[in-house]
Amino acid sequence: MSELFEFGKGILESQPFSRLLGTELEVFEPGTAVLALVVRDEFKQQHGFVHGGVLSYLADNALTYAGGSVLGDSVTSEYKINYLRPAIGEKLVARATVVSAGKNQAVCQCSVVAIGTDERVVAVAQGTITKVVPKG
């Protein structure tokens, strides 16, 4: 495994909320990140599909991972998400890529897919990721 991937796994393990949800890092390469989550009943809303907050978390984290892969230590400045259809399946996968990056900021896009008997895009997101600049 690459040094970047191992670093990314360590970051994910240091996030209590990500550990609580059981998030897995599948890909972490320069300009790309893929995060996955096995769907549990606790993630569902009253209609039986995954709550939008879970989709939003997954997209936000994948966007920040993608941006951080080229910027280093980073946070999300802003992001927008579109919910396309109910998230029904056994697993969610968020695939994010860098669209454009500068020295301190990257714009990234993400597709969240639900995997069951097939794979369906359930949400798309775009965000601005900003490099953390130490104060000093």
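This is a predicted model: local features need pLDDT of at least 70, side-chain atom pairs count only at pLDDT 80 or more; totals for chains, interfaces and linings use all residues.
Residues are numbered from 1 along each chain as its sequence is written, and side-chain values use heavy atoms, with hydrogens and water left out.

Six strands form an open sheet, and going across it their order is β1-β2-β4-β5-β6-β3, with antiparallel pairing. The edges are formed by β1 (24-29) and β3 (74-83), each of which pairs on one side only. Direction ignored, neighbouring strands of this sheet are turned by 20° against each other on average, where the axes are lines fitted to C-alpha atoms, for helices over the stretch in contact, and angles run from 0 to 180 degrees between N-to-C directions.

Going through the pairs, strand β2 (residues 32-38) and strand β4 (residues 91-101) are joined in the antiparallel sense over seven bridges; here L37 has L92 in β4 as its bridge partner, and T32 stands opposite T97 in β4. From β4 we go on to β5, where the antiparallel pairing extends over 10 bridges, A101 has A106 in β5 as its bridge partner, and a hairpin of three residues joins the two strands. Then β5 and β6 run antiparallel and are joined by 11 bridges, with S111 partnered by V124 in β6, and again a hairpin leads from β5 to β6 through three residues. Finally, nine bridges join β3 to β6, also antiparallel, and K80 has Q126 in β6 as its bridge partner.

Helix α1 (residues 3-13) lies across β1 and β2, and runs at about 140° to β1. Helix α3 (residues 52-71) packs on the sheet and touches β1, β2, β3, β4, β5 (105-115) and β6 (119-131), its direction making about 135° with that of β3.

How many aromatic pairs does the structure hold? There are two, a pair being rings of Phe, Tyr and Trp (its six-membered ring) whose centres lie within 6.5 Å, with planes under 30 degrees apart counted as stacked, over 60 as edge-to-face and the rest as tilted. One of them, F17 with Y57, is edge-to-face, at 5.3 Å centre to centre and 85° between the planes. This pair links distant parts of the chain, since F17 sits in helix α2 (residues 16-21) and Y57 in helix α3, 40 residues apart.

On a 1 Å grid over the protein atoms alone, a pocket is an open set of points where a 1.4 Å probe fits, with protein on both sides within 12 Å along at least five of seven lines, and lining residues have an atom within 4 Å of a point; the points are joined across faces, edges and corners, and the volume is the space filled by probe spheres set on them. Of the 16 lining residues, I11, Q15, T64, D73 and S74 are the closest to its centre. The largest share of the lining, six residues, comes from α3.

Key: Two strands pair if DSSP finds at least two bridges between them. Helices (H or I, at least four residues) and strands (E, at least two) are DSSP runs, numbered from the N terminus. Contact means heavy atoms within 4.5 Å.
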